[in-house]
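Q: Could you walk me through this model, one feature at a time? I would like to learn how to read each one.

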Amino acid sequence: MAPSGASPAARAEDFIWLTARVLEQRRFAYHFRDGSPDAVEAALTAYRGDDGGYGHALDPDLRGPVSQPHHTAHALRVLDEIGRCGDRRAEAVCRFLTAVSTPDGALPALHPASAGWPAAPWHPAAGARATTGSLLTTGPVVGLLHRNAVWHAWLFRATDFCWAAIEALTLGGRPHPYEVEAAVAFLDGVPDRKRAEAAADRLGRVVREQRLAVLDPDRPGAAEGTRPPAHYPHDFARSPDSRARPWFTDSELERSLDHLAAAQQEDGGWPLRRRAWAPGTALEGRPVATIEALLTLRAHGRGACLPAPRACAERR
């Protein structure tokens, strides 16, 4: 265990080894301990189904063995982190994406075959085959495949869907912050950079005009009136080269990162942003949130660097 007064990074490491699933342990080791990408991929493979998609509660809020678009997006993020989001892996994933796509060529929010399996109450009810795609699932998947120069027939209509969905977000109504996150994931990966910059500029104006990001987290009541859970600049601009970075001033982003760093809890982990709806979801979800927080802080040059392996051994 980390001694009293240990650094936030050391406490986070103890939290991961005490509580995380094998996949999150392997991800942590890869990012902060020079761990093997083979070990990450081996752990991720346990969640892969015979259909090429991913299931088995890869995202703790969706239970059961059914391959889900949401799980598959998470798997692609992990493969992207270790530089293996291409080749035969992408081909198998794209076959699954083609099989579950809606008539408009996109991905449903939830695979209809998941009916009867437990899921968080905020997920849509599973039932008959979905007829309308969801930007929440389609945007991150398409963005990651483009980011890794994957070309597959499925991508053509799915890309068109994302452009149209993002355009709709800027034309009226009040987009949900998670829709904006999905849009940014698409815009950060799509190869048409000029079009992506223009779309991101329009979307950023919507985010600011509709106050979808809490810009001063320390102000009393700053998060009141936001659509739960509250979103902050770092939720949209997860790295300095994100298309969402120009939406916020340097001081706004610094306050946001200060808030993220301060959210670390006494046990070394970061909290879930949504309520735990089943006994195991917080236990499985908090290590995921902790790794994401550390990666975001490190991407922005904040204090997420961990001690050298020898220093780690000495403090134990």
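Q: Leaving aside its neighbours within four places in sequence, which residues is W154 in contact with?
A: Glad to start there, and keep in mind that this is a predicted model. With sequence neighbours within four places set aside, W154 is in contact with L97, T98, S101, G105, L107, V141, V142 and L145.

Q: Where does W154 stand in the largest nonpolar core?
A: First the general idea: in soluble globular proteins, nonpolar side chains tend to be buried together. Here the largest nonpolar core has 56 residues, and L145, W154 and W247 touch the most other members. Elements giving two or more residues to this core are α3 (37-45), α4, α5, α6, α7, α8 and α9. The largest share comes from α7, with nine residues. There is also a second, separate core of 15 residues, and W270, I291, L294 and L295 are among them.

Q: What span does α6 reach, and what is expected?
A: From its first C-alpha to its last, α6 (residues 135-147) reaches 17 Å, close to the 18 Å expected at 1.5 Å a residue. Look at its ends too: S134 caps the N-terminal end, with a side-chain oxygen 3.2 Å from the backbone nitrogen of L136. After the helix comes A149, whose phi is positive, near 55°.

Q: What covers the buried residues of α7?
A: The cover includes α5, α6, α8 and α9 (193-209). The buried residues of α7 are W154, L155, A158, T159, F161, C162, W163, A165, I166 and L169. This helix has 17 residues and reaches 26 Å, close to the 24 Å expected at 1.5 Å a residue.

Q: Is D235 buried or exposed?
A: D235 is buried, because its relative accessible area is 5%, under the 20% cut-off. This residue lies in helix α10 (residues 233-236). A polar contact of 3.0 Å joins the side chains of D235 and R273. Not counting residues up to four places away in sequence, D235 touches E181, A230 and R273.

Q: How many aromatic pairs are there?
A: The count comes to five aromatic pairs. For F28 and F32, the ring centres are 5.1 Å apart and the planes are at 45°, so the pair is tilted. In general, an α-helix has 3.6 residues a turn, so residues three or four places apart point the same way. F28 and F32 are four residues apart in helix α2 (residues 22-32), and are therefore separated by about one helical turn. F28 counts as buried at 0% relative accessibility, and F32 counts as buried at 9%.

Q: Are W151 and F156 buried or exposed?
A: Both W151 and F156 are exposed. They form a tilted aromatic pair, 6.4 Å centre to centre, with 35° between the planes. Elsewhere, ring pairs link F236, W247 and F248 into a cluster.

Notes. Residues are numbered from 1 along each chain as its sequence is written. This is a predicted model: local features need pLDDT of at least 70, side-chain atom pairs count only at pLDDT 80 or more; totals for chains, interfaces and linings use all residues. Side-chain values use heavy atoms; hydrogens and water are left out. The expected span of a helix is 1.5 Å times one less than its number of residues. A polar contact is a pair of N or O atoms within 3.5 Å; within protein, one must be able to donate a hydrogen and the other to accept it, and residues adjacent in sequence count only if both atoms are side-chain atoms. Buried means under 20% relative accessible area, exposed over 50%, partly exposed in between (1.4 Å probe, protein chains only). Contact means heavy atoms within 4.5 Å. A nonpolar core is a set of buried Ala, Val, Leu, Ile, Met, Phe, Trp, Tyr and Cys residues joined through side-chain atoms within 4.5 Å. Rings of Phe, Tyr and Trp (its six-membered ring) pair if their centres lie within 6.5 Å; planes under 30 degrees apart count as stacked, over 60 as edge-to-face and the rest as tilted.
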